[in-house]
Amino acid sequence: MKKKLPEKYGFLFVIFLFWLVLTLLSRAGMLTSHFSSLLVPMTYYAIAAVALNLCVGILGELSIGHAGFMCIGAFSSAIFSLLTRQILPGGVRFFLAFVVGILFAALFGFLIGIPVLRLKGDYLAIVTLAFGEIIKNILQAVYLGVDADGVHIALNMTDFRLSPDGITLIKGAQGVSGTPRDSSFTVAVIVLLLSLIIVQNLIDSRDGRAIMSIRDNRIAAEATGIHVTHYKMLAFTISAAIAGAAGVLFSHNVTTMTNISNYFGYNASIMLLVYVVLGGIGNIRGSVVAAMILYLLPEMMRGLNRYRMLIYAIVLILMMLFNWAPALVALRKKLWQRIRDRRPAVGKEA
Amino acid sequence: MSFLNYLINGLSLGSVYAIIALGYTMVYGIAKMLNFAHGDIIMIGSYIVYTCMSMAGLHPAVSVLCAVAGCLLLGVVTERVAYRPLRGASSSLAVLITAIGVSYLLQNIALLTFGAEPKAFTTLIGWKGISLFDGALMIRGTTIVTIGASLLILVGLELFINYTKNGQAMLAVAQDKGAATLMGIDVNKTIALTFAIGSSLAAVAGVLLCSAYPTITPYIGAMPGIKAFVAAVFGGIGSIPGAMIGGLVLGIVEILSRTYISSQLADAIVFGILIVVLLVKPTGLLGKRVMEKV
């Protein structure tokens, strides 16, 4: 079934308008600096949520390690930018940083996918978690630098013998610093739009239908001749690549990545999962909206200070109960039915 | 000789992981949910003991009992309020996210009540321990008590599950909820009982953990929780001896790699071993392979 163009691209237009309004407000100086600083993070979390939803909602495999792919994208692109800082002009460098970050994340997605996608259900979840933790752990422990003698790599400061004129790339737990601040809200929104177009077109394609058929019934899909491993790898790699793009925006926004377990640990992966589930599993647009709202919510509640995470937790539990508890879902359906009975039938969105 | 010392330390840490993993594996086996809040129940248990001892000045044994009772209640209440309404939800992710919400909630309640600064935990076990080979090998009292407690719990649980009606009911619910209901088993009650047992074990684990590493913060539960979860999967989730073996192996690997390879990479090594085990044996060491019927 072909979707009508407005239906397919309507949401992209909404995001464009959203960007336009915020950019104009920002130009007019009507946004506080705190709020302006939230725009880029909000967008890259939305991108990461889209990536995770491709994995969880469309492919149907629970991943609790997606922050690991963000981490790969962030570090590889940051290292690239540090190395080429003197050589390349800003725009070209940032574009190539995206290419590097996305390729590396896709490569890791592919490599991790080979063993991981053989497992099922919660086992797959725990292995993705383990991979995320391993990536974070290694990057936290490693020292990496380049000088005239070549590449230096070590596990502690004493073994790390870099000549003074060399470039330190990763400094153990202190991470990467000095990445150029290339990310802007405009670039972030462009990446978000591109990833939405890619994911939406994937879903509407032959490949996408094959992927979703695996989600719905693997055995039936296999019986109709769908190469399960091939399509699983395809979706997982694309998902990792998009998460990597979010990572590129991340590293070129914060410029100094020190406390990476906060940003890329399993807590971060779980936060992404919360965005996906509250936005609606398999609902790509929902992920974008949920990620933006849920990222801004605790930030906007800074006034409540000590209580904001408590409130966030309670809101999260209540929303889950309200959205998913069978008893409440039935109640809600009944109410909807009553409202709908009064009005003539309205076309339901697919 | 120092190797033996490290090995014993590993066994001790592994026993704590094993006790936590037992709670994880029981809840998973019966309710089919990953209880991400399990680690935070450990934390709450430690805070209860801390409050009872340092503030109310109660006897250590009474404090531990208070912690067990408190965590038991907490486990049952969260199950009733947050997890039970979601049973039968269209996606199993719903209850997972709710558990994450409960985890945030417990952490923040602890943060608001006790503050973020670490609290010093005075060990409950006054016994200095035994020294062998003219002091070359020192085994701390905490270590002996921890290992002893975990063995006791393992044997107790095995006996409970295999020789009591409630235990048999748990096995039945784990195998097939629908069929268990038809046999007259109260599924809700059985699951509540599982949560009660799992949470009281978490309290015990919290006490032992804090006796070995005597500081408490609102976040101490998170990492042991994840490690114990890994241990449960490693041993074959749903299997009680599996959780025990998984916990012990994990503890030993962690301590040995921390000592001999790299302290920063210890966690990576632990997770790496998990991945290798799951690739060779996708259901864990002692997990049963479930046939897939079309």
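This report walks through a few parts of a predicted model, from the contact between two chains down to single residues.

## Reading the model

Because the model is predicted, local features need pLDDT of at least 70 and side-chain atom pairs count only at pLDDT 80 or more, while totals for chains, interfaces and linings use all residues. Residues are numbered from 1 along each chain as its sequence is written, and chains are lettered from A and ligands numbered from 1 in the order in which they are written.

## Where the chains meet

Let us start with the two chains together. Their contact takes 37 residues from chain A and 36 residues from chain B; two residues are in contact if their C-beta atoms, placed from the backbone, lie within 7 Å. On the chain A side, the elements giving two or more residues are helix 5 (121-141), helix 11 (266-279), helix 13 (308-324) and helix 14 (326-342). Helices (H or I, at least four residues) and strands (E, at least two) are DSSP runs, numbered from the N terminus.

Helix 5 of chain A supplies the largest share of that side, eleven residues. What classes of residue does the side of chain A that touches chain B have? There are 31 nonpolar, two polar and four charged residues. Here Ala, Val, Leu, Ile, Met, Phe, Trp, Tyr, Cys and Pro count as nonpolar, Asp, Glu, Lys and Arg as charged, and the others, Gly among them, as polar.

Chain A has an open sheet of three strands in the order 2-1-3, with antiparallel pairing. Strands 2 and 3 of chain A stand at the edges with a single partner strand each, so one side of each is left without a neighbour in the sheet. From one strand to the next, the twist averages 15 degrees. Two strands pair if DSSP finds at least two bridges between them.

Strand 1 (residues 143-147) and strand 2 (residues 150-154) of chain A are joined antiparallel over five bridges, and they form a hairpin with two residues between them. You can follow this pairing residue by residue: Y143(A) is opposite A154(A), L144(A) has I153(A) as its bridge partner, and D147(A) is opposite G150(A). Strand 1 of chain A also runs antiparallel to strand 3 (residues 167-171) of chain A, with four bridges joining them. In that pairing, V146(A) stands opposite I167(A).

## Two crossing helices in chain B

Two packed helices are described by the angle between their axes and the distance between the axes. In chain B, helix 2 (residues 38-55) and helix 8 (residues 187-212) pack at an angle of about 60 degrees, with axes 7 Å apart. Axes are lines fitted to C-alpha atoms, for helices over the stretch in contact, and angles run from 0 to 180 degrees between N-to-C directions. The angle makes helix 2 of chain B oblique to helix 8 of chain B (angles under 35 degrees count as roughly parallel, over 145 as roughly antiparallel, 65 to 115 as roughly perpendicular and the rest as oblique).

Is L39(A) buried or exposed? L39(A) is buried, because 21 other C-beta atoms lie within 10 Å (buried needs 20 or more, exposed 12 or fewer, and partly exposed is in between, with C-beta atoms placed from the backbone). L39(A) belongs to helix 2 (residues 33-58) of chain A. Leaving aside neighbours within four places in sequence, L39(A) is in contact with L22(A) and F185(A).

T255(A) is not a glycine, yet has a positive phi of about 60 degrees. This residue, T255(A), sits in the loop between helix 9 (228-254) and helix 10 (260-264) of chain A, and counts as partly exposed because it has 16 C-beta neighbours inside 10 Å. In chain B, K32(B) has a positive phi of about 55 degrees although it is not a glycine. K32(B) lies in the loop between helix 1 (2-31) and helix 2 of chain B.
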